[in-house]
Amino acid sequence: MNNSGIDNNKAVSMLNDLLTRNYDAEKGYQQAADEVDDTRLKTFFHTKAKERYDFGHTIKDEIRNLGGSPDKGTSIKGDMHRAWMDLRESIASHDEKAILEECERGEKAALKDYNDLLNNGVPMTTKSVIERQRDSIQRDLREIQDMEVTYTK
């Protein structure tokens with residue numbers, strides 16, 4: 001237990017799940033950047049991949065601060081998401097709207113994970129970090145949804 005009354009082991013476990021989600025998002029955004037020709041989308045996806053890389057490092061620091069060890073690698077679920085994205089891309093032949101829809105789906109799942117963590121309690125020192133990341137993902141989701149309108153065929 002920490003001074004917030006929250007079990008550190010539980011917080012570390014949940015943060016590791018969030019870390020894995022960010023590994024998955026980083027790889028997904030990098031893949032999306034590689035699959036689009038549109039310069040605006042390519043830049044957006046590269047920026048989001050870097051952001052998720054940075055989120056991961058921040059979460060690793062929080063895990064270590066709580067006495068835990070950060071997990072490494074991506075989730076099977078994330079690998080399946082990217083595999084599905086591969087399939088969709090090969091069928092749609094660089095369909096930017098379809099890729100944006102997949103990114104939207106991933107961001108909605110990420111928001112759920114972030115909110116679950118915040119609702120289950122994290123130490124106050126970690127809460128502000130997680131809230132900032134969640135708020136950034138919410139902004140990204142809105143931007144993706146706005147871009148989807150642009151790429152409607």
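Helices (H or I, at least four residues) and strands (E, at least two) are taken here as DSSP runs, numbered from the N terminus. On that basis the chain holds five helices and zero strands, and its elements run α-α-α-α-α from the N terminus on. This is a predicted model, in which local features need pLDDT of at least 70 and side-chain atom pairs count only at pLDDT 80 or more, while totals for chains, interfaces and linings use all residues. Residues are numbered from 1 along each chain as its sequence is written, and side-chain values use heavy atoms, with hydrogens and water left out.

**The chain as a whole**

- Of the 153 residues in the chain, 49% are buried, where buried means under 20% relative accessible area, exposed over 50% and partly exposed in between (1.4 Å probe, protein chains only).
- Among the contacts in the chain with a separation of 6 or more, 77% are between residues 24 or more positions apart, a contact being heavy atoms within 4.5 Å.

- Two packed helices are described by the angle between their axes and the distance between the axes.
- Axes are lines fitted to C-alpha atoms, for helices over the stretch in contact, and the angles run from 0 to 180 degrees between N-to-C directions.
- Helix α2 (residues 39-65) and helix α5 (residues 124-150) have axes that come within 11 Å and cross at roughly 165 degrees, and α2 and α5 are therefore roughly antiparallel to each other; angles under 35 degrees count as roughly parallel, over 145 as roughly antiparallel, 65 to 115 as roughly perpendicular and the rest as oblique.
- The crossing in which α2 passes α5 is left-handed, a term that applies if the near helix is turned anticlockwise from the far one by less than a right angle, with right-handed used if the turn is clockwise.
- On the α2 side this contact includes R40, F44, R52 and F55, and on the α5 side it includes V129, I137, D140 and I144.
- By class, the contact of α2 with α5 has nine nonpolar, six polar and seven charged residues, with Ala, Val, Leu, Ile, Met, Phe, Trp, Tyr, Cys and Pro counted as nonpolar, Asp, Glu, Lys and Arg as charged, and the others, Gly among them, as polar.

**Packing that involves α4**

- The axes of α4 and α5 are 9 Å apart and the two helices pack at an angle of about 155 degrees, so α4 and α5 are roughly antiparallel to each other.
- α4 and α5 make a left-handed crossing, and their contact has twelve nonpolar, four polar and ten charged residues.
- With α2, by contrast, α4 packs at an angle of about 20 degrees, the axes being 13 Å apart, and α2 and α4 are therefore roughly parallel to each other.
- The crossing of α2 with α4 is left-handed, and the contact is made by L41, F45, R52, F55 and I59 of α2 and E96, I99, L100, C103, E107 and Y114 of α4.
- The residues of the contact of α2 with α4 divide into eight nonpolar, no polar and three charged.

**The surroundings of E107**

- E107 lies in helix α4 (residues 96-120) and is buried, with a relative accessible area of 2%.
- When residues up to four places away in sequence are not counted, E107 touches Y29, R52, I137, D140, L141 and I144.

**Aromatic pairs**

- A pair of aromatic rings is described by the distance of the centres and the angle of the planes.
- The whole structure has three aromatic pairs, the rule being that rings of Phe, Tyr and Trp (its six-membered ring) pair if their centres lie within 6.5 Å, with planes under 30 degrees apart counted as stacked, over 60 as edge-to-face and the rest as tilted.
- For Y29 and F44 the ring centres are 6.4 Å apart and the planes stand at 85 degrees, so the pair is edge-to-face.
- This pair links distant parts of the chain, with Y29 in helix α1 (residues 8-35) and F44 in helix α2, 15 residues apart.
- Y29 and F44 are both buried, and ring pairs link Y29, F44 and F45 into a cluster.

- G28 lies in helix α1 and, at 8% relative accessibility, counts as buried.
- Leaving aside neighbours within four places in sequence, V12 is in contact with I63, L66 and G68, and from V12 to S69, 57 residues apart in sequence, the C-alpha to C-alpha distance is 8.0 Å.
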